[in-house]
Amino acid sequence: MTSTVSTTAPVTTGLYIGGQERTTAEVLEVVDPARPGVVVGTAAAATREDVADAVAAAKGAYPAWSALPAKERAAAMAAAIDGLADERDEDARVLSLENGKIVHEAWVDALVFEIRWQLALSLADEVELTKVLPPAPGIPVQTTVAYQPLGVVTVIVPFNWPIAILAASLPHALLAGNTVIVKPPPSTPLATTRLVQRVAEKLPPGVLNVVTGRDSEMAGLIENPDVAKVCFTGSVNGGKKIMEMASRSLTRVTLELGGNDPAIIRADAVLDDEHLDRLFSAVYDTTGQICMNAKRLYVHRSRMDELVAGLSARLERTVLGHGLAEDTTMGPLHQPAQKAFVTEIVEEARESGATVLEFGELPGGEFAEGNFLRPAIVVDPDPSLRVVTQEQFGPVIPVLPFDDDADAVRLANDTWAGLCASVWTADTDSANRIGGQLEVGYVWVNDHGAARLDLRAPFGGMKASGMGREQGIEGVRAFQDTRSIAHAADETAQAEAAH
């Protein structure tokens, strides 16, 4: 493995509250998942007082920010990301070090932030659109329905794609007229904090704030009665905890939680190199640590061998290593606990009699204790096994046979999750029919995965995969509420309505 792992000094980040950077007495040590004994940086660890100050700063900035016309907010937001890409290479390097994923994916993570931000700004003309309800028989009023922002919003992002995921909600919340506090993940706070602070410095003080720290000190970002909404992306258990905490102050929530995404590969599916490459990426990108990755492959029995062979050929080229090494194609898992869990469910499948195919070589030397795991395919496991029923969040995929479309839909829907799914077929009508029967928020046809997501479309899950939607005008409306203003109609308008 070619070593290009940086030896530069550890990265240090602080808090950014009310237009000012702030240091803390305590810090979070951030380690390299490929070398768990190596500290790559430190982030400020906020106290409860720091958190309260952030809420107060956002509350103080809200009246002036919300009073601006949407187009003026959009102009200020456009100026705030001017030149952001100048440090994208360094953002990617830092994110790769703290997250573990290959540096190309980290670079795309930062790129998607800007793409989503620009797409949000393109909605500025729609933000303040109103609807007029004219007088009607028995209703002697004319009512204008408009939208209003909510107030202070907290956005909490996960470790896997923290910068890109942040932009699925942050620009929409700001454009809607809210002020925001961003909470990066405690295990990967560095790159996100760096980027958010650069944006916040170009906005009015208090409009955008960033707070890092231990979860034990963060309750005020959710329970403070001055927080109007929390937008959380993370695990199902994490979402339940957020909802419980938010209920104490009736704070609104958007929850984008885990997935157990099925991909249905019909007998007529095209499985050429292009389509197999798409499916491979959908499963193994970011070492399998993406909520919308394909997590279960249901394959028509007649195509099982062909599909397993196609994925195997790609896995044979896997190079496990540090995310900053030039020839690495797959980095480590982010946490030792996740490595232990994925290892356990793979061994459980093997012991049950399923065929387990593993690929790649574990790196040695300074990376021998890293969170590396050989990618695997589990062929025809018992459907009750955890490798099928639970979200693996690692580089392993179960491949299960089905015999007809009804069988495939039943198996796909037989899960706690409802985030995404895909249908692979040469028949458009069948794709639409099957896609319309899947209990999920987003369906791809002959494609799957974060790299193929339409960033203009509303995104979110059903069942235990969450509630609410991000992206698009729907994502803006998620940070607004309606306001209806009714005027008594004059006698002429009432008479016309009566006829």
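How many aromatic pairs does the count come to? The count comes to five aromatic pairs, and the close-ups below start with a group of these rings before moving on to other parts of this predicted model.

**Figure 1. Tyr-442, Trp-444 and Phe-459 make up one aromatic cluster.**
Start with Tyr-442 and Trp-444: their ring centres are 4.8 Å apart and the planes meet at 55°, so this pair is tilted. Tyr-442 also pairs with Phe-459, and here too the arrangement is tilted, with 6.0 Å from centre to centre and 55° between the planes. What does this second pair tie together? Tyr-442 sits in strand β19 (residues 442-445), while Phe-459 belongs to the loop between β19 and β20 (466-467), so the pair links parts that are 17 residues apart in sequence.

**Figure 2. Glu-256 carries the "active site" feature in an unreviewed UniProt entry.**
You'll find Glu-256 in strand β12 (residues 252-256). With a relative accessible area of 5%, Glu-256 falls under the 20% limit and so counts as buried. Which residues does Glu-256 touch, once its neighbours within four places in sequence are left aside? The contacts are Phe-232, Thr-233, Gly-234, Cys-291, Leu-419, Phe-459, Ser-465 and Glu-470.

**Figure 3. Three strands line up as an open sheet in the order β1-β5-β4.**
The pairing in this sheet is mixed. Why is one side of β1 and of β4 left without a neighbour in the sheet? Both β1 (11-13) and β4 (27-32) stand at the edges with a single partner strand each, so one side of each has no neighbour there. On average, neighbouring strands are turned by 35° against each other, direction ignored. β4 and strand β5 (residues 35-44) run antiparallel and are joined by six bridges; Val-30, for one, has Gly-41 in β5 as its bridge partner.

**Figure 4. Strand β17 (residues 396-402) is largely enclosed by the rest of the structure.**
Seven of its seven residues are buried. In a regular strand, side chains alternate between the two faces of the sheet. In β17 both faces are covered: Val-396, Pro-398, Leu-400 and Phe-402 are buried on one side, and Ile-397, Val-399 and Pro-401 on the other. Which strands pair with β17? Strand β14 (residues 294-300) runs parallel to β17 and is joined to it by four bridges, with Tyr-298 standing opposite Leu-400. Strand β16 (residues 376-379) also pairs with β17 in the parallel sense over four bridges, and there Val-378 has Pro-398 as its bridge partner.

Notes: Residues numbered from 1 in each chain as written. Predicted model: local features only at pLDDT ≥ 70, side-chain atom pairs only at ≥ 80, totals over all residues. Heavy atoms only, no water. Phe/Tyr/Trp six-rings, centres within 6.5 Å; stacked < 30°, edge-to-face > 60°. Helix = DSSP H or I, 4+ residues; strand = E, 2+ residues; numbered from the N terminus. UniProt positions renumbered as here; feature names shortened; annotations may be inferred. Buried < 20%, exposed > 50% of the residue type's maximum accessible area, 1.4 Å probe, protein only. Contact = heavy atoms within 4.5 Å. Pairing = 2+ DSSP bridges. Axes fitted to C-alpha atoms, helices over the stretch in contact; angles between N-to-C directions.
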